[in-house]
Amino acid sequence: MVYERIKQQMMDTLPFVRLLGIRIDEIGNGTAKVSMPEDPKLNNHLGTQHAGALFTLAETASGAAMAGGFADLIVGLRPVAKESRIQYQKVAKGATRAEGRVPGDLAALKAELKSAGKVAFPVEVDIFDAAGTLAAQVQVDWYLSEKRA
């Protein structure tokens, strides 16, 4: 299945993501679920998940959701995360998970990509801790263009 190939490609080409123990659990049509284990090496001075680790978790979820939304085209595209915003809600205790989604109309985004050769759009991500508490909300703005020769 194409989503499994995307998942494998991402894990093969993102060594920092692997270093943090992040797993891509599921990719769908513009959606993704990723998780990060509880590990003292990922903690901050409060003993909770470090903000940088949480951001990487969210960015990974956003990239997987973006790739899932453009699964039929992704091999010919050059994706770049253009801008990110994170709003921390609560400290994240224990293992964490992130759910990413492309909120826009995927068909319209693909049509814009086809006509203009590029498209920009946000991906929204929610991060939850082991207790299911919303720890952060993130938006990553992606820019896709056709691969350069």
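The largest cavity has a volume of about 40 Å³, and in this predicted model a search of the whole structure finds one cavity of 30 Å³ or more. Its lining is made up of E38, D39, N43, G47, T48, Q49, A92 and G94, and when these are sorted by class, the lining of the largest cavity has five polar, two charged and one nonpolar residues.

The largest pocket, an open space, holds about 470 Å³. Of the 19 residues that line the largest pocket, I6, Q9, M10, A67 and I74 lie nearest its centre. Three elements, α1 (2–13), α3 (51–69) and β3 (77–88), each supply at least two residues of this lining, and the largest share, six residues, comes from α1. By class, the lining of the largest pocket has 12 nonpolar residues, with four polar and three charged ones besides.

Helix α3, one of the contributors to that pocket, has 19 residues and reaches 27 Å from its first C-alpha to its last, which is close to the 27 Å expected at 1.5 Å a residue. The helix is mostly covered, in that 15 of the 19 residues of α3 are buried.

Because F70 lies in the loop between α3 and β3 while F121 belongs to strand β5 (residues 118–128), the pair ties together parts that are 51 residues apart in sequence. Both F70 and F121 are buried.

Strand β5 also takes part in strand pairing, since β4 and β5 pair in the antiparallel sense over five bridges, with R97 standing opposite F128 in β5. On the other hand, strand β2 (residues 31–36) and β4 also run antiparallel and are joined by six bridges, and here S35 stands opposite R97 in β4.

Which residues of strand β4 (residues 96–101) make up its covered face, and which its uncovered one? The covered face consists of T96, A98 and G100, whereas R97, E99 and R101 form the uncovered face. In a regular strand the side chains alternate between the two faces of the sheet.

Terms used
Residues numbered from 1 in each chain as written. Predicted model: local features only at pLDDT ≥ 70, side-chain atom pairs only at ≥ 80, totals over all residues. Heavy atoms only, no water. 1 Å grid on protein atoms, 1.4 Å probe; cavity = no way out; pocket = protein on both sides within 12 Å on 5 of 7 lines; lining within 4 Å. Points joined across faces, edges and corners; volume = space filled by probe spheres on them. Helix = DSSP H or I, 4+ residues; strand = E, 2+ residues; numbered from the N terminus. Nonpolar A, V, L, I, M, F, W, Y, C, P; charged D, E, K, R; others polar. Expected span 1.5 Å × (residues − 1). Buried < 20%, exposed > 50% of the residue type's maximum accessible area, 1.4 Å probe, protein only. Pairing = 2+ DSSP bridges.
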